[in-house]
Amino acid sequence: MNPNLSDDTLSVWHDDNGKSYPIRKNPNPKERYELNISMPDAPDNLIMTHAFAYYWSDCEIIVNKRAGANAKLKETIPIPFEKTGEHTYRAVAYNDAILSERYSDVGPECKWNMHFIVTRLQAEPNLDNLIYEALIDPRDSRKISDDHWKRILYMTKYRFNDPTTRTYNPSETMLGAIADREDRFAGEPRKHLFTITMDLKRK
């Protein structure tokens, strides 16, 4: 947490005119979402380490006057999660976690909405220094109902957490292979796939 920010402020954006736009927490969020993750055939040492909710507003600020470039206000918030079983986890996020408010010279009230959730997975111990990011976005996921979405991702057990596979910058943490289709893998890795099911519900 930035010690220069107040407890209710997540971050502060600045436009090209030097104006500040504090992004504040909603003190009383109500629009709860629950994400359940299941990976029953995963290696026993694959664990979930982080979860983040990504938010976009419907407001733009000027970030480069000379180039005429604008940018939408965005924010990322770590969200709580818990292990609920041997290979299952649950995370909770709120669509209205960020306070919608009006900033001077930006026009009407800036409304915030959650766009997607990212969970981070890795082996423990992490011998190959790879992390895996599993993302669910309701716009790109299978819609079960108006309040329910599901996404299935694939990883491979083939040479999982094998440090000898890292021939390029082995000391640097990098993203490992995770995909939304089986055919993203070929050869031996494809023979050893397991699934990660992400189940998102609006409560």
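A salt bridge is a side-chain nitrogen of Lys or Arg within 4 Å of a carboxyl oxygen of Asp or Glu. The model is predicted: local features need pLDDT of at least 70, side-chain atom pairs count only at pLDDT 80 or more, and totals for chains, interfaces and linings use all residues. Residues are numbered from 1 along each chain as its sequence is written, and side-chain values use heavy atoms, with hydrogens and water left out.

**View 1. Salt bridge between Glu 109 and Lys 111.** The closest N and O atoms of this pair are 2.8 Å apart. Glu 109 is partly exposed, at 36% relative accessible area, and Lys 111 is also partly exposed, at 44% (buried means under 20%, exposed over 50%, partly exposed in between; 1.4 Å probe, protein chains only).

**View 2. Salt bridge between Glu 188 and Lys 191.** The N to O distance is 3.4 Å. Glu 188 is partly exposed, with 33% relative accessibility, whereas Lys 191 is exposed, with 62%.

**View 3. Salt bridge between Glu 34 and Arg 90.** The two side chains meet at 3.5 Å, N to O. Glu 34 belongs to strand 3 and Arg 90 to strand 7 (residues 88–94), so the pair ties together parts 56 residues apart in sequence. Strands (E, at least two residues) are DSSP runs, numbered from the N terminus. Glu 34 is buried, at 14%; Arg 90 is partly exposed, at 28%. Arg 32, Glu 34, Glu 82 and Arg 90 are linked in a network of salt bridges.

**View 4. Strand 3 (residues 32–38) beside strand 13 (residues 193–202).** Six bridges join these antiparallel strands; two strands pair if DSSP finds at least two bridges between them. Ser 38 has Thr 197 of strand 13 as its bridge partner.

Terms used
Helix = DSSP H or I, 4+ residues; strand = E, 2+ residues; numbered from the N terminus.
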